[in-house]
Every structure is written in structure tokens, then in C-alpha cells.
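Here is a short report for a first look at this structure. Keep the sequence and the 3D view at hand while reading.

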Amino acid sequence: MYFEDLKIGMTRQLEPTIIDKDEMLAFANRYDNVPLHTDEEYAKTTPFKQLIAPGVMSFMCVWAKYLEVDLFGKELIAGVSTKIEWFKPVFAGDALTGTAVITDLVERNNRNGLAVLRIDIVNQNGETVMRDITETVIKRKEA
């Protein structure tokens, strides 16, 4: 979708994704090897009382569902930045889903513009567990 076709407030619902414990542990052991993510006995002593999923892994599970929506299509040029905020822990077995909304559009030049996308991510209880703000460069229509 070309930059000119985008509108602030455009929204897409994302399909749910389930946080798989084996995938969670494999990711944590490789990329975020801290006891809260990898040591069940330790995790029992924390306020969470169980392992929590690494935040980046949880986000990427939802991001994969966003990519299936393909909001920008072949007009996507590149990502510029992303900011993830975590509000609540995510556990193995949680079902996460997201709502992606375009929150800002900035004309850059005659070739492309900047689209700001916010993804609010909730668990199966409707609790917001994280939010992502991503800036992307989108191709403009030929002048």
C-alpha cells in the first residue's frame, strides 16, 4: 500500500499466537539466559512464581502475526526504529493477540513517507502486556 493510501487510524486485528514453553526455553537459553526465563526453581521464588517469557521473544511471536497481515505490502521500504514497552509478564501457554494502528504519517520527500505503527498486545484475559511503536518508510506513488 502506497504512503498516499494510508490513513491515520487504519487498524488491523492480529491473529492470536500461543507462547510455547519449549520455544520459550530454547529462545531464553540462547538469547536471554537469565534465571527468570530459564530456571523453574528460581522462578518459583520470584513474585511471578513461574518462568516468564523473554520480552523480545513474546513480541516477535506477535510481530510474526503482524507480518501475515502485510499492511504495507511491497511498498514497505525499511524499518527505521521500534520501541517496545512491557507492562505485564507473559507466561508459557499465554495467548497473545494485537491490534495494529497507524498513529502518524509524515511526508519525507517525493519518494517516500514515514508511517508510525502502534501495536497494542493483550493476553487471553484482555490485559495489555506490551506495546510496540514502529516507524517505517513507505514508498510514495510515482510523481
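## The model

This is a predicted model, in which local features need pLDDT of at least 70, side-chain atom pairs count only at pLDDT 80 or more, and totals for chains, interfaces and linings use all residues. Residues are numbered from 1 along each chain as its sequence is written, and side-chain values use heavy atoms, leaving out hydrogens and water.

## The nonpolar core

A nonpolar core is a set of buried Ala, Val, Leu, Ile, Met, Phe, Trp, Tyr and Cys residues joined through side-chain atoms within 4.5 Å. Buried means under 20% relative accessible area, exposed over 50%, and partly exposed in between (1.4 Å probe, protein chains only). The largest such core has 29 residues. Ile19, Tyr66, Phe72, Leu96, Ile119 and Ile121 touch the most other members.

Two or more residues each come from helices H1 (21–31) and H4 (55–69) and from strands E4 (95–107), E5 (112–122) and E6 (128–139). Helices (H or I, at least four residues) and strands (E, at least two) are DSSP runs, numbered from the N terminus. H4 gives the largest share, six residues.

Contact means heavy atoms within 4.5 Å.

## Helix H4

H4 has 15 residues. The expected span is 1.5 Å times one less than the number of residues.

Buried residues of H4 include Gly55, Phe59, Cys61 and Val62. Their cover includes strand E2 (17–18), H1, strand E3 (76–86), E4, E5 and E6. After H4 comes Asp70, with a positive phi near 55 degrees.

## Trp63

Trp63 lies in H4. It is buried, with a relative accessible area of 19%. Leaving aside residues up to four places away in sequence, Trp63 touches Ile119, Asp132 and Thr134. Trp63 and Ile119 are 56 residues apart along the chain, yet their C-alpha atoms are separated by 8.9 Å.

## Strand pairing

Two strands pair if DSSP finds at least two bridges between them. E4 and E5 run antiparallel, joined by 10 bridges. They form a hairpin with four residues between them. Val106 stands opposite Leu114 in E5.

E4 also pairs antiparallel with strand E1 (residues 11–13), over three bridges. Here Gln13 stands opposite Thr99. E2 pairs with E4 in the antiparallel sense over two bridges, and Ile18 has Ala95 as its bridge partner.
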